[in-house]
Amino acid sequence: MTDGKKRNGARWAAATWAAGVSAFLAALPFAASGRLPDRLATHWSGGTPDGSMPLWAAALAPALVWAVLALSLAFAGRRNGPGPAGAWVGVSLLSGGVGLAGAQAVLVRANLDRADWHDAGPVGAGVALTAAAAAAAGLLGLLAARRAAPAVPVRPAAAGTMDIPPGERRVWLSRTSNPWLHLTAALTGLVAAAAGGLIGLQWPLIAPFAVASLLSLGCASVQARVTDAGLEVSFGPLGWPVRRWAAHDIVSARAETRTPAQVGGWGYRLGGQGTTVMLRSGECLVVRPRKGPEFAVSVDDAERGAALLNALGSRPQSAA
């Protein structure tokens, strides 16, 4: 099968999945309307229902949330094209669809055959099971995407050094941001907010999306700085957390071309090449510490940063 046919097949599968989940979310409450009260319990506190919606709103609200999520992910996948970014779109669609469909089923089941929404049954076990199913679906999708990803050889660049005249100090700074990871953080945060307020379920469903939102936001931007003290890499909009290496603790530094396919995707990746902070394909600053695996971060002007690090590392410690 050609790459074009594979991409078209993947798009049709994603569109079919998105449409099927939308139909399920909207249709399930109406299909069971003869056994449901006029208003459905949609929020529980301590196992007791304390919030409700009309049946039509309980049907359409999660369908609307899913439509916004699916369309945004489809747009992101179209802009990024094939490869790991597209794979992450598929994983997000799979996990999010399973989570929302399961949550809707749990909500309907809790209200089934109840005369009044105040009498709705508990949802804790069902929500926990749904969260586990969504996480498992995402993990299986991720493993399948990685298995299908082609291996791409690493293209390293030669390590250089910078001449620093005596008495001078040099500083190098570079920042990188990934708009699609920012979008992922916004979308998963929206789903978490909807699960807590609009749809009204409990923490076992809210927590995975909230954690995914925070992790995506933390990995969506990075700043690398080289000073006399060494290398400092800070993450996220607040510049925290931070990783630091003293100049004399770095054996060598280099610029190297890497892609998401080589390191297993976007964000903070762990693999056979060590740790890579992958925010965009292309030039990365790669350092080899005296202890631990290599560390790479995708930033512009990496060759100059590597040259400065090599110069600082070659100085006597008292001079650095």
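**Group meeting: salt bridges, strands and an aromatic pair**

Let's start with Asp301, which counts as partly exposed because its relative accessibility is 33%. Hello everyone, and please keep in mind that this is a predicted model. Asp301 forms a salt bridge with Arg304, and their closest N and O atoms are 3.0 Å apart. Arg304 is partly exposed too, with a relative accessible area of 48%.

How many salt bridges does a search of the whole structure find? The search finds eleven. Some of them join up: Arg254, Glu256, Arg258 and Glu294 are linked in a network.

My next stop is Glu232. At 18% relative accessibility, Glu232 counts as buried, since the cut-off for buried is under 20%. Glu232 forms a salt bridge with Arg225, with 3.3 Å between the closest N and O atoms. Arg225 is partly exposed, at 35% relative accessibility. Glu232 also meets Arg244 in a salt bridge, at 3.1 Å from N to O. Glu232 lies in strand β6 and Arg244 in strand β7, so this pair ties together parts twelve residues apart in sequence. Arg244 is exposed, with a relative accessible area of 60%.

Now, the sheet around those residues. Four strands form an open sheet, in the order β4-β5-β6-β7, with antiparallel pairing. Which strands are at the edges? They are β4 (172-177) and β7, each pairing on one side only. From one strand to the next, the twist averages 10°. Inside the sheet, β5 (residues 221-227) and β6 (residues 230-235) run antiparallel and are joined by six bridges. For instance, Val226 has Leu231 in β6 as its bridge partner.

There is also a hairpin to look at, made by β9 and β10 with two residues between them. Strand β9 (residues 267-271) pairs with strand β10 (residues 274-278) over five bridges, in the antiparallel sense. Leu270 has Thr275 in β10 as its bridge partner.

On to the aromatics: the structure holds two aromatic pairs. In one of them, the rings of Trp245 and Phe295 have centres 4.8 Å apart and planes at 45°, so the pair is tilted. Trp245 sits in β7 (residues 242-246) and Phe295 in β12 (residues 295-297), so to speak distant parts of the chain, 50 residues apart. Are these residues buried or exposed? Both Trp245 and Phe295 are buried.

Last, the surface. Phe30, Trp56 and Leu60 make a nonpolar patch of about 340 Å². Phe30 belongs to helix α1 (residues 3-31) and counts as partly exposed, at 41% relative accessibility.

Terms used:
Residues numbered from 1 in each chain as written. Predicted model: local features only at pLDDT ≥ 70, side-chain atom pairs only at ≥ 80, totals over all residues. Heavy atoms only, no water. Phe/Tyr/Trp six-rings, centres within 6.5 Å; stacked < 30°, edge-to-face > 60°. Buried < 20%, exposed > 50% of the residue type's maximum accessible area, 1.4 Å probe, protein only. Patch = residues over 30% accessible without salt bridge, like charges linked within 9 Å, V, L, I, M, F, W, Y side chains within 5 Å. Areas by Shrake-Rupley, 256 points an atom, 1.4 Å probe, with all protein chains shown as cover. Salt bridge = Lys/Arg side-chain N within 4 Å of Asp/Glu carboxyl O. Pairing = 2+ DSSP bridges. Axes fitted to C-alpha atoms, helices over the stretch in contact; angles between N-to-C directions.
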